[in-house]
Amino acid sequence: MPADPRRSVTSKPPRGTGTSEVEVRRSARRSRTVSAYREGDRTVVLIPARMSEAEERRWVGVMLEKLAAKESRGVLGDRELTERARRLSDQYFGGRARPDSVRWVTNQNTRWGSCTPSEGSIRLSHRLQGMPEYVVDYVLLHELAHLLVPGHGPRFWRLLEAYPRTERARGYLEGVVAADRLPNLSDHPGHPDEQDLSDAREE
């Protein structure tokens, strides 16, 4: 028997799927596809309204694995992130900003990055993962600049003028913040992380 077609359920996902909770949204307009996308720390899975609860569980698992595999291919590890920051410092700051460590963290939801100059450590929000390379580079340079200048005064912004994509990256991040404030849509037709049910093989 199909589950309630109007239902939208939020639950804890399986371990190792790269998200803190899963929201399943059923759509009467969707009949042949299942899709999934990240929405902050949440993963939204869109399924046909007619799908049974057993099929729902199966497809949620499939789509979480697809997203996790896709994201793992493009995410730098902490060591690579530290090396990237040092290369950026060499290129734009004459190598004067030398971080001892750069790492991803999952507890920064209101800012993109932070640094502790006394420790030479930089932390980037996991929300940057999957964003364009020039945006991640900008945030790295922003935090590197703080290793040299503590505040956001004129001297700080003069340092960042050396990076040609500063304004473009800031505009991108402002757009992400603005989009987060929009109401959720009930459906995202044609989303790239979409699986056609008729093409999927049964397991």
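This is a predicted model: local features need pLDDT of at least 70, side-chain atom pairs count only at pLDDT 80 or more; totals for chains, interfaces and linings use all residues.
Me: How many helices and strands does the protein have, and what pattern do they follow along the sequence?
Reply: Happy to start with the overall layout. The protein contains 5 helices and 8 strands. Read along the sequence, their order is β-β-β-β-α-α-β-β-β-α-α-α-β.

Me: What share of the residues in the protein is buried?
Reply: A residue is called buried when its relative accessible area is under 20%. The protein has 203 residues, and the buried share of them is 42%.

Me: What share of the accessible surface belongs to carbon and sulfur atoms?
Reply: The accessible surface of the protein is about 11,900 Å². Of that area, the part belonging to carbon and sulfur atoms is 48%.

Me: Which residues of helix H2 are buried, and what arc do they fall within?
Reply: Let's look down the helix. H2 covers residues 78-92, and its reach of 21 Å from first C-alpha to last is close to the 21 Å expected at 1.5 Å a residue. Its buried residues are Leu81, Thr82, Arg84, Ala85, Leu88 and Ser89. Viewed down the axis of H2, these buried residues line one face of the helix, because they fall within an arc of 160 degrees.

Me: Why would residues three or four places apart in an α-helix point the same way?
Reply: It comes down to the repeat of the helix. Residues with that spacing point the same way because an α-helix has a turn of 3.6 residues.

Me: Which exposed residues does H2 carry on the face turned away from its buried side?
Reply: Exposed here calls for a relative accessible area over 50%. On the face of H2 turned away from the buried side, the exposed residues are Arg79 and Gln91.

Me: Is Ser89 buried or exposed, and which residues does Ser89 touch?
Reply: Ser89 is found in helix H2. Its relative accessibility is 0%, so Ser89 counts as buried. Leaving out residues up to four places away in sequence, Ser89 touches Gly94, Gly95, Arg96, Ala97 and Leu144.

Me: What is the phi of Gly94, which follows H2?
Reply: Gly94 comes after the helix H2. The phi of Gly94 is positive, near 65 degrees.

Me: How many residues lie between E6 and E7 in their hairpin, and which residue in the turn has a positive phi?
Reply: Strand E6 (residues 113-116) and E7 run antiparallel, joined by 4 bridges. Within this pair, Cys115 stands opposite Ile122 in E7. The hairpin has 4 residues between its strands, and the one in the turn with a positive phi, about 65 degrees, is Gly120.

Me: Which side chain joins that of Arg26 in a polar contact of 2.8 Å?
Reply: Arg26 lies in strand E2 (residues 21-27), and at 9% relative accessibility Arg26 counts as buried. The Arg26 side chain reaches the backbone oxygen of Met51 at 2.7 Å. The polar contact of 2.8 Å joins the side chain of Arg26 to that of Glu56.

Conventions:
Residues are numbered from 1 along each chain as its sequence is written. Side-chain values use heavy atoms; hydrogens and water are left out. Helices (H or I, at least four residues) and strands (E, at least two) are DSSP runs, numbered from the N terminus. The expected span of a helix is 1.5 Å times one less than its number of residues. Buried means under 20% relative accessible area, exposed over 50%, partly exposed in between (1.4 Å probe, protein chains only). The arc is that of the directions from the helix axis to the C-beta atoms. Contact means heavy atoms within 4.5 Å. Accessible areas come from the Shrake-Rupley method with a 1.4 Å probe; for residues, only the protein chains shown count as cover. Two strands pair if DSSP finds at least two bridges between them. A polar contact is a pair of N or O atoms within 3.5 Å; within protein, one must be able to donate a hydrogen and the other to accept it, and residues adjacent in sequence count only if both atoms are side-chain atoms.
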